[in-house]
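These are my notes from a first reading of the structure shown below.

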Amino acid sequence: FDLRSDYLRMTESNVLVPITIQVPYKSLTFKEEASSATGAKAMHATGRIEGRIKNLSGRIVGRIDDPIEVLLTPAQYRPDGYALYQKAMNLAPGLYQLFLVVNDAKSNNSGTKEVRLEVKRFPEGNLSASSLILADLVDNLPPRTVATMFQIGSLKVRPSVRKEFNRDQEMNLFAQVYGLKLDEKTHKPDVTTEVLITRDGQEVKKLTDQITEVAGAAAQMNVVKQIPMKDFDPGQYAIQLKITD
């Protein structure tokens, strides 16, 4: 399996750390089952994700212990498909060690990973930004949605764990910016965002926007960009987001 971690400011001493895990269908054991109500056939796989987060002194500060269940119609199942799971943790700034186990219930096969989490501090009043998340989906959530997977505020942001996109997809860029100042006369922010995409050091695309409206907290804003992949040849690219207040 693959995983990624992102970092979003909650307070100066509290950071939201969504941990996103991608498990290939080929690593799970699917069993074809028929619904008792309709008789319709479905592909069913189950398993478990367990993990622990330790600080540098070895104390456990967070645990993950959740079942995973994948239910697909035969038409939805693809050998190159994958299941996504996310667990959002609240952590204080600092260094941590994350140990994860993903287990397939039917075969009892397991995979493990151990990675370092570097949770940075977002000082109050300073201009700073969250992780830059490349997502295959950014969408509005229904009003009053609470604690659903992939939720960031009022948005559903589903990261691309491997940061890979097909040419028939759109790549969604998401970041939060903190510590914006308001103009004393207009009481609005004056922010410029620049997205620069390069390949082998050469500019391929640049997107620049001026923002004067900020929803929600006046000192914080979401940056969301949709970029069609049909404009890009296959290959590896670098992407940079520049914020000017």
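**Entry 1: the largest pocket.** I began with the strand that gives most to the lining of the largest pocket: S7 supplies the largest share, 3 residues. I note here that the model is a predicted one. S7 covers residues 82-91, and two further strands, S3 (14-24) and S13 (155-159), also supply at least two lining residues each. I then looked up the extent of the pocket and found a volume of about 750 Å³. The lining comprises 26 residues. Nearest the centre of the pocket I found Gln22, Arg78, Asp80, Gly81 and Tyr82. Sorted by class, the lining holds 10 nonpolar and 10 charged residues, together with 6 polar ones.

Entry 2: I next asked how many cavities of 30 Å³ or more a search of the whole structure finds. The search returns 1. The volume of the largest cavity is about 30 Å³. I recorded its lining as Asp6, Pro18, Gln86, Ile133, Ile152, Val157 and Pro159. Of these lining residues, 5 are nonpolar, 1 is polar and 1 is charged.

**Entry 3: a strand pair.** I turned to strand S8 (residues 94-104) and strand S9 (residues 110-119), and asked how many bridges join them. There are 10 bridges, and the two strands run antiparallel.

**Entry 4: asparagine 172.** I located asparagine 172 in strand S14, which spans residues 170-178. Is this asparagine 172 buried or exposed? Its relative accessible area is 3%, and it therefore counts as buried, the cut-off being under 20%. I then looked for a polar partner and found that the side chain of asparagine 172 makes a polar contact of 3.1 Å with the side chain of glutamine 226. Leaving aside neighbours within four places in sequence, I listed the contacts of asparagine 172 as Ile133, Leu134, Ala135, Asp136, Leu137, Val138, Lys225 and Gln226.

Note on methods. Residues numbered from 1 in each chain as written. Predicted model: local features only at pLDDT ≥ 70, side-chain atom pairs only at ≥ 80, totals over all residues. Heavy atoms only, no water. 1 Å grid on protein atoms, 1.4 Å probe; cavity = no way out; pocket = protein on both sides within 12 Å on 5 of 7 lines; lining within 4 Å. Points joined across faces, edges and corners; volume = space filled by probe spheres on them. Helix = DSSP H or I, 4+ residues; strand = E, 2+ residues; numbered from the N terminus. Nonpolar A, V, L, I, M, F, W, Y, C, P; charged D, E, K, R; others polar. Pairing = 2+ DSSP bridges. Buried < 20%, exposed > 50% of the residue type's maximum accessible area, 1.4 Å probe, protein only. Polar contact = N/O pair within 3.5 Å; in protein donor to acceptor, adjacent residues only side chain to side chain. Contact = heavy atoms within 4.5 Å.
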